[in-house]
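The sequence and structure are shown below.

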Amino acid sequence: MANVLTPQLFTILSGLIEERVGIHYGREDSTLLGERIAMRMAEAGFESALDYYYYLRYDDPLRKEMDALTDALVVGETYFFRELEPLEASIRHVIVPAIERRGLARVWCAACASGEEPLSLAMLLEKDRLLDRTRILATDVSPRALSRAREATYGARAMRAFAPDALPPEAHARVSQAMAPWTQPTANGGVRVSKDLVDRITWQRFNLVSSNDDLGTFDLILCRNVLIYFSDATVQRVIERLDGALADDGRLVVGVSESLLRFGTMLTCEERGGAFLYARSAS
Ligand SMILES: C[S@@+](CC[C@H](N)C(=O)[O-])C[C@H]1O[C@@H](n2cnc3c(N)ncnc32)[C@H](O)[C@@H]1O
């Protein structure tokens, strides 16, 4: 199939997507982006990519088509107990001290995809009887990802951490123990998570690039495996926003392949038990 995007159309459409959702496309991604846009154009009944651009930019008052395009573009790759070591270290070194200080810890899972990350955190917390004293807010830009999270029925890919040798035996035993009370196996090798646990988490739509809602402040912000899709300029703006949502002694954790050190002195970084914890420079 021919790419619907000429260089000019690539420039304006990728610019609009970056402005609205943050995802950055380089010229080498033009074919991939063109395929996704062609798919959405066909479903929404557009024949011209320029008309589609004008519609997204100037019509689409409720941003319904932009939401559908966002769903088609985002990478929702995630699974239960992904990057376990930093997750457990965040509990030990951030959540437990916050509970000891104030009796309650507030956590924001800022790109929760279909929910495996906040649900894993909730399971680990409940195993240690800490969930009652932790509030978890889980947000994502993708409406489809959030509705999957609320459905909480997962296929075998969500269970990759349980593959043979994926985790050391002690870690495997810990996550199995944490997960067992909350899940029923499904026929396809996945699990269904109990609604009781899903309802312990607040799920909300939030765009890290353009939402203006004040979510309050948090002891721990998990913003993992999303900044890789943004340009440095966008990452800088998102970090400023996350920095503003950190409690004075709060900590930000990003994905293991994402480092914020190149962004200068706004945040300081300390390594605790396998997690890189970013704190406000002033604290
Ligand atoms: C690869 S998943 C990461 C999921 C999880 N944090 C993890 O580490 O497994 C990236 C998620 O970031 C979300 N995302 C992309 N752009 C976003 C934005 N501007 N605001 C909020 N979430 C965004 C996507 O919808 C997707 O669900």
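## Terms and basis

A salt bridge is a side-chain nitrogen of Lys or Arg within 4 Å of a carboxyl oxygen of Asp or Glu. The model is predicted: local features need pLDDT of at least 70, side-chain atom pairs count only at pLDDT 80 or more, and totals for chains, interfaces and linings use all residues. Residues are numbered from 1 along each chain as its sequence is written, and side-chain values use heavy atoms, with hydrogens and water left out.

## A salt-bridge network

E126, R129, D132 and R200 are joined in a network of salt bridges. Across the whole structure, a search finds 21 salt bridges.

Within this group, D132 and R200 form a salt bridge whose closest N and O atoms are 3.0 Å apart. The pair links distant parts of the chain, 68 residues apart: D132 is in the loop between α6 (116-127) and β2 (134-140), and R200 is in the loop between α9 (195-198) and β6 (201-205). Helices (H or I, at least four residues) and strands (E, at least two) are DSSP runs, numbered from the N terminus. D132 is exposed, at a relative accessible area of 57%, whereas R200 is partly exposed at 33%. Here, buried means under 20% relative accessible area, exposed over 50%, and partly exposed in between (1.4 Å probe, protein chains only).

R57 forms a salt bridge with E19, with 3.1 Å between the closest N and O atoms. This pair connects distant parts of the chain, with R57 in helix α3 (residues 49-58) and E19 in helix α1 (residues 7-21), 38 residues apart. R57 is partly exposed, at 24% relative accessible area; E19 is also partly exposed, at 43% relative accessibility.

A salt bridge also joins the side chains of E88 and R174, at 2.8 Å from N to O. Here too the pair links distant parts of the chain: E88 belongs to helix α5 (residues 84-102) and R174 to helix α8 (residues 169-179), 86 residues apart. E88 counts as buried at 13% relative accessibility, while R174 is partly exposed, with a relative accessible area of 30%.

## Surroundings of T234

T234 lies in helix α10 (residues 232-244). T234 counts as buried, at 2% relative accessibility. When its neighbours within four places in sequence are left aside, T234 is in contact with E18, G22 and V209, where contact means heavy atoms within 4.5 Å.
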